[in-house]
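This report describes a protein chain through the contacts among its side chains.

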Amino acid sequence: MSDALDIALRLAAVFVVFLVFPLVIGQTEHKVMAHMQGRLGPMYAGGFHGWAQLVADGVKFAQKEDIVPAGADRRIFQLAPAVALLPYLLVLVAIPIGPHNAVGQALDAGIFFVLAVMGVGVLGSLMAGWASANKFSLLGGLRTAAQLLAYELPMLLAAASVAMAAGTLSLPGIVEAFHWWWVPWQIVGGVVFFTAGLAELQRPPFDMPVADSEIIFGAYTEYTGLRFALFLLAEYAGILVLCALTSVLFLGGWHGPFGADGLGWLWTLVKTAILAFGVIWLRVTYPRLREDQLQKLAWTVLIPLSLAQIALTGVVKVVISS
């Protein structure tokens with residue numbers, strides 16, 4: 001009975017994080033972009049600092065008519081938002097936030113699990129593009145597929161490097177094996193992992209699949225109301241997962257200058273929040289890459305860097321063991 005209760009409490013905690021934290025990231029993006037770009041709109045709703053902007057957005061999406069194009073593959077069209085969103089819930093189950101088994105479910109091959117399931121989330125965009133019976137949506141889906149193929153490889157290679165360094169595929173095991181002197185020689189892998197993750201999430205400046213100036217809104221062009229809101233929520237959930245994984249794999253997770261045992265969860269959240277702020281900052285700082293630039297970055301920069309990182313990790317491991 002106690003084991004069942006423990007599992008239920010862990011899953012409930014993960015579910016609460018899944019429901020709340022992406023919304024917090026979305027609200028933060030409204031405010032940060034408003035400050036950086038001098039945008040007054042997000043600062044008015046509800047009075048003080050536009051606190052009700054998120055509520056206003058939710059009401060707006062709920063009120064919009066739910067439309068399915070006449071020529072669409074109806075079932076696939078309706079299923080796509082859930083396919084885009086739910087994998088991030090499964091990934092959160094395996095990400096540790098603190099020591100002493102503070103994780104939804106510890107997995108021996110956790111790093112394989114999270115990367116594989118994150119790849120499934122991108123299929124939601126492909127399904128949306130294919131099922132919408134719209135040429136712009138189809139172009140967005142094709143760009144999504146090309147981007148996934150290009151950036152999945154450097155992301156996997158970068159994650160493999162830190163797994164080699166730790167000698168385990170378990171996410172809690174990787175954090176427990178972490179030492180601060182890892183940061184200088186794993187930082188390249190961390191940058192590659194984070195950049196490739198942003199590209200898979202189609203976040204600016206890697207948002208060619210949803211380039212509004214070219215293909216309206218890519219695979220999501222025909223979506224309205226709550227289904228469109230689910231795609232936006234999937235994007236923010238993806239930001240949460242990517243930032244949490246980066247902090248766990250490359251920044252030591254719950255390790256901090258002090259209080260690793262009692263405040264370990266806080267250090268994980270602080271690192272995740274700083275990285276999420278960086279994601280928002282990038283959106284308002286850099287222009288969108290062209291499709292050829294996007295592919296060139298993956299194949300000529302990120303993949304060679306990730307291979308070099310794996311080679312460096314191998315050399316360091318041999319030197320340490322000898």
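**Salt bridges**

Arg-227 and Asp-66 meet through their side chains in a salt bridge, with an N to O distance of 2.4 Å. Arg-227 belongs to helix α9, whereas Asp-66 lies in the loop between α2 (53-63) and α3 (74-94), so the bridge ties together parts that are 161 residues apart in sequence. The model discussed here is a predicted one. In this model Arg-227 is buried, with a relative accessible area of 18%, while Asp-66 is partly exposed at 46%.

A search of the whole structure finds 7 salt bridges. Three of them are listed below.

| Salt bridge | N to O distance |
|---|---|
| Arg-227 and Asp-66 | 2.4 Å |
| Arg-203 and Glu-235 | 2.5 Å |
| Asp-6 and Arg-10 | 2.9 Å |

The bridge between Arg-203 and Glu-235 links distant parts of the chain: Arg-203 is in the loop between α7 and α8, and Glu-235 is in helix α9, 32 residues apart. Arg-203 counts as buried because its relative accessibility is 0%. Through shared partners, salt bridges join Glu-29, Arg-203, Glu-235 and Arg-283 into one network.

The pair of Asp-6 and Arg-10 has another setting. These two residues are 4 residues apart in helix α1 (residues 2-37), and therefore about one helical turn separates them. Asp-6 is partly exposed, at 34% relative accessibility.

**Aromatic rings**

A pair of aromatic rings is described by the distance of the centres and the angle of the planes. The whole structure contains 12 aromatic pairs. Why does the pair of Tyr-151 and Phe-206 count as edge-to-face? The ring centres of Tyr-151 and Phe-206 are 5.8 Å apart and the planes stand at 65°; planes over 60 degrees apart count as edge-to-face. This pair links distant parts of the chain, since Tyr-151 is in helix α5 and Phe-206 is in the loop between α7 and α8, 55 residues apart. Both Tyr-151 and Phe-206 are buried.

Tyr-223 and Phe-231 also form an edge-to-face pair, because their planes are at 80°, with the ring centres 4.9 Å apart. Tyr-223 is buried at 5% relative accessibility, and Phe-231 is buried at 6%.

**The nonpolar core**

The largest nonpolar core has 79 residues, and Tyr-151 and Phe-193 have the most contacts inside it. Helix α9 (residues 225-250) contributes the largest share of this core, 16 residues. Leaving aside residues up to four places away in sequence, Phe-193 touches several residues, including Leu-115, Met-155, Leu-242, Leu-245 and Phe-250.

**Backbone features**

The loop between α7 (182-200) and α8 (212-215) holds Pro-205. The peptide bond from Pro-204 to Pro-205 is cis, with omega near 5°. Gln-202 is found in the loop between α7 and α8, and has a positive phi of about 60° although it is not a glycine.

Ala-133, in the loop between α4 (110-131) and α5 (135-166), has a positive phi as well, near 55°. Are these two residues buried or exposed? Gln-202 counts as buried, at 8% relative accessibility, whereas Ala-133 is exposed, with a relative accessible area of 54%.

How values were computed. Residues numbered from 1 in each chain as written. Predicted model: local features only at pLDDT ≥ 70, side-chain atom pairs only at ≥ 80, totals over all residues. Heavy atoms only, no water. Core = buried A, V, L, I, M, F, W, Y, C linked by side-chain atoms within 4.5 Å. Buried < 20%, exposed > 50% of the residue type's maximum accessible area, 1.4 Å probe, protein only. Contact = heavy atoms within 4.5 Å. Phe/Tyr/Trp six-rings, centres within 6.5 Å; stacked < 30°, edge-to-face > 60°. Salt bridge = Lys/Arg side-chain N within 4 Å of Asp/Glu carboxyl O.
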